Amino acid sequence: MRRNFIFAAMALLFVVFITFVFRVPLSLAVAKYYLPQGQLTCLDWSLSGLIEVTVDEVCFESDDILVLGKDIAISTERLDADLLSITHKRRQKDAQESAMQTLNLPLPERRPLVNVVHLDINSPLLKRPLQLSVKETQLNRFEVAGELLAGIEISPQRVKAQFELHSAAIAHYLPEQVNQLAGTFNLSTDGVMVKYETEVELSAHYQKDKQCQVDVVSKGQLSGSWHLNDTQGGIDASRLPLQLDASRCADFINAQSHVPNGTFSSQWVAAFDSNLEISQAEVLIPQLTLSDSNSDSEVQVHAFTFNYNNLAAKGRLDVNHHSEVFGLVALQSSFLYEPLSTHISGDWIVSNAFLVIPSNLKLTDLVSQGAFTLAGDPSQALNLEVNAQFTASEVNVQDIQLDNTELNIDSASVIHLTRLSMQHALPIQINEINTQLSAQKYKLQTLSGKHVLLQTHAELSESGDLLANTELDIGSFKMREIRGKDINQTSIISGKVTSQKINASIDGEMHLGLIANPNLSFRDAVLTTSGSIQDAVKLKHIAHLEDFEFSIDHILDGELNQVLLNVPEQSFMTLQPFVSQLAPQLQLSEGFISAEVAGDLATQSYQFKADLKGGGVLYDSHYLHGINLPVMGKFNNGQLALSETVLDIEEVRSGAVLTDVSAKLSSMNNTLILSDARATIFDGEITAQKFNLSKGDQRFLIEAHNWDLALISEAGKNAGVELRGRVSGKLPVSIEQSAFEITNGKLTNIDVGFLSIENNESVEALKSHQAGIDTAFSLLENLEIEKLSSDVALSPDGWLDLAVEIVGVNEQAQQPINFNYTHSENIFQLFRALRLSDEITNEVEKALNK
């Protein structure tokens, strides 16, 4: 018995010895049997006690992972590892991978508690290796420290974990826009369904450029679930609003500066009003609301769906704004985006009591409504259709005011997106655009009127061919004392348009029913326009007023606003319809006129020249013949500068006949001046040094040179009186309040004269009524005049007063004579009587009145 026990003990010790010596290969063989999906590639262990094993090194490798453990102490109570390194291998997922199953973990009721001092995890899915430590505080409850702070609890049917979001491992994966992230992430799963709930504190920013940064702050809760087999789930973000701050964005601040303070807040809040639904194929956002801190503006996205597979998105967008500045603004739209097809449609309404927008455009009682559609291939071209209506009780922009205004726009166009980056290609094609602008009243600086209607129709082809038609109707207008009505203008613009420039031609025609001022009016005037638009706008207008014609060439080029008015040589009598209205008794009988004015409307600087050749004028029975007047000068900022020129008149028949009339015409201080005026009369000459053509008061001197008394006597039609000799003198003239007057005038003889009275009716009648006077008159019948002088005065109403002194000798009686005589006569009536008997003037008047 004892011997058998000894043999048994020796056999057992031998087995133990063999097992200890060959422990590594035996362990590897056993592991290979129990680990069919992997194998131990290294193992070195030893007994450190009766109930404790020390593993110096252990290696495990499978298709997915490589595990290396060192310095592991295993007892019945604890498993302490100094180092555990896990390397994950990337491999292609098996399309036939089986579905996830509900957890049923075979967790023993008793086992050693695990403690890993250094847990290193490497994976291609990680940006950098993860260094952790794991401590199992209770059975199946672990605390994770190191780069990831977490707590994990494992049960047979569920795994729960809580992660600290400020962990360094998480920070490595945050985008640079995230400034700070804190909170906890709680997760639980049963193997099929994952549920999570998060407490989040987030600080981030969006950096558009160096001058624009939008700050984002969020604090709240986020929860949701995910089905691993169905690959779908939901997110409840309703308790996690995002606060946006644009106060550090220069673009936003610049936009704020163009509107009254407080119109748009820099503080906004984005909130998800209901659960987000996510699947492997798409994400659904039932409603997202973006609102400002003033509660004036709100943007809502409804039923937004994005499909990952075909990159399609659809939903509805509502924009609402209400403020004192912009009034009510509401936009409703729906959109569908696909890589090869996009469709956006919607409508809007705007209502504002008083709106001011850039360019100093002011709108009162504005109401706008309309609809739009944008559809097409977003990589190629989009078709845009817009139908809009705008009404306002008053519109003001710069110096323009429109009352009770309505604008209608109906357009269809194509936006070629592939051409946006092309330098010379035109990105837009207008199939058709129709506009209609109307206003009951309008005002432009000093121009005002009623009932204006502007209608346009335009087309722009894909190659840039432009065709536009416009029609303007104006019921009436008033500018200072000028009035007009029934104006219609039509124009056609055709040409070529590129992204760099426009080359087009313009043709138009304007009909003016009536244009008038208090003194002048004309009807049915026609203005034709032609021109081109290239580097500059060049227009030529040709006007026909009755038989009078003139043209205006207009050039617009940057700040240059140049005009050239040309009156081609034509009959002087074409001005008769206008002259008759200004002076009904004035008739034009002959001659030719021409004129040219060139200048810049922007600087109000002009040069001009005009010419009247052989002009003839009949006023009442005053007749001027052979008028020649060339004029040249400048007009700068309201100042007239007339170059000196000569006025020539061949003949003036106004009772007394003046011939070879000439004078120098010039200007000074915006006043026309005649100087060195002279004319031939009574075989002598009349001159004036200088006088101005204005309504102001003035004084000047008229000088008579070598007048023939015989011609003066003949002009008086005094039968029976013969007077010979010549006189000269000075006639001081004063004009006050437009009244002409001569005072202290003096005429004296310059040689020996002769007076003969024979059978004069006036003298004979005087002799018969006064006895004894015939002797005195007989001495005047043949009188040689040695001295003749006369004081001359002319009143504004035409009365000429003469105080005549005659000193001479009667040759027959050889008796010296000293004769003083006063005479008063209305020369206006005298000249009129002489004019009525002027045969030449009468013939001209008869010809003009036929």
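Keep in mind that the model is predicted.

Disulfides to begin with. How many are there in the whole structure? The search finds two.

Take C42 and C59. Their sulfur atoms sit 1.8 Å apart, and they form a disulfide. The angle about the S-S bond is 75 degrees, and the link of C42 and C59 is right-handed. This pair links distant parts of the chain. C42 belongs to strand β1, residues 38-49. C59 belongs to strand β2, residues 52-62. Are they buried or exposed? Both C42 and C59 are buried.

Now C212 and C249. These form a disulfide too, with sulfur atoms 1.9 Å apart. Here the angle about the S-S bond is -85 degrees, and the link of C212 and C249 is left-handed. C212 is in strand β12, residues 212-227, and C249 is in strand β14, residues 242-249, so the bond ties together parts that are 37 residues apart in sequence. How accessible are the two ends? C212 has a relative accessible area of 4%, so C212 is buried. C249 comes in at 5%, and therefore counts as buried as well; the cut-off for buried is under 20%.

What is the pairing pattern, with the bonded cysteines numbered in sequence order? The pattern is 1-2, 3-4.

On to charge. Which residues make up the patch of negative charge on the surface? The patch gathers D44, D56, E57, D71 and D82. Look at D82 in particular. D82 is in strand β4, residues 78-88. Its relative accessible area is 35%, so D82 is partly exposed.

Next, salt bridges. The search of the whole structure finds 19. I will show a few.

E201 and K219 meet through their side chains, at 4.0 Å from N to O. This pair links distant parts of the chain: E201 in strand β11, residues 193-209, and K219 in strand β12, 18 residues apart. E201 has a relative accessible area of 41%, so E201 is partly exposed. K219 reaches 62%, and is therefore exposed. The cut-off for exposed is over 50%.

K540 and D553 are another salt bridge, at 3.3 Å from N to O. Again, distant parts of the chain are linked. K540 is in strand β31, residues 537-545. K540 is partly exposed because its relative accessibility is 32%. D553 is partly exposed because its value is 23%.

R678 and E685 also form a salt bridge, at 3.2 Å from N to O. R678 has 35% relative accessibility, so R678 counts as partly exposed. E685 has a relative accessible area of 27%, so E685 is partly exposed. There is a network, too: salt bridges that share partners join E569, D611 and K613.

Last topic, the backbone. Most residues other than glycine have a negative phi. Two residues here deserve a look on that count. T231 is not a glycine, yet has a positive phi of about 45 degrees. Where is T231 found? T231 is in the loop between β12 and β13, the latter being 232-236. D524 also has a positive phi, near 55 degrees. D524 lies in strand β30, residues 521-533. Its relative accessibility is 63%, so D524 counts as exposed.

Terms used
Residues are numbered from 1 along each chain as its sequence is written. This is a predicted model: local features need pLDDT of at least 70, side-chain atom pairs count only at pLDDT 80 or more; totals for chains, interfaces and linings use all residues. Side-chain values use heavy atoms; hydrogens and water are left out. A disulfide is a pair of cysteine sulfur atoms within 2.5 Å. Helices (H or I, at least four residues) and strands (E, at least two) are DSSP runs, numbered from the N terminus. Buried means under 20% relative accessible area, exposed over 50%, partly exposed in between (1.4 Å probe, protein chains only). Patches are made of residues with over 30% relative accessible area and no salt bridge: like charges are joined within 9 Å, nonpolar side chains (Val, Leu, Ile, Met, Phe, Trp, Tyr) within 5 Å. Accessible areas come from the Shrake-Rupley method with a 1.4 Å probe; for residues, only the protein chains shown count as cover. Lys and Arg count as positive and Asp and Glu as negative; His and the chain ends are not counted. The place of a charge is taken as NZ of Lys, CZ of Arg, CG of Asp or CD of Glu.
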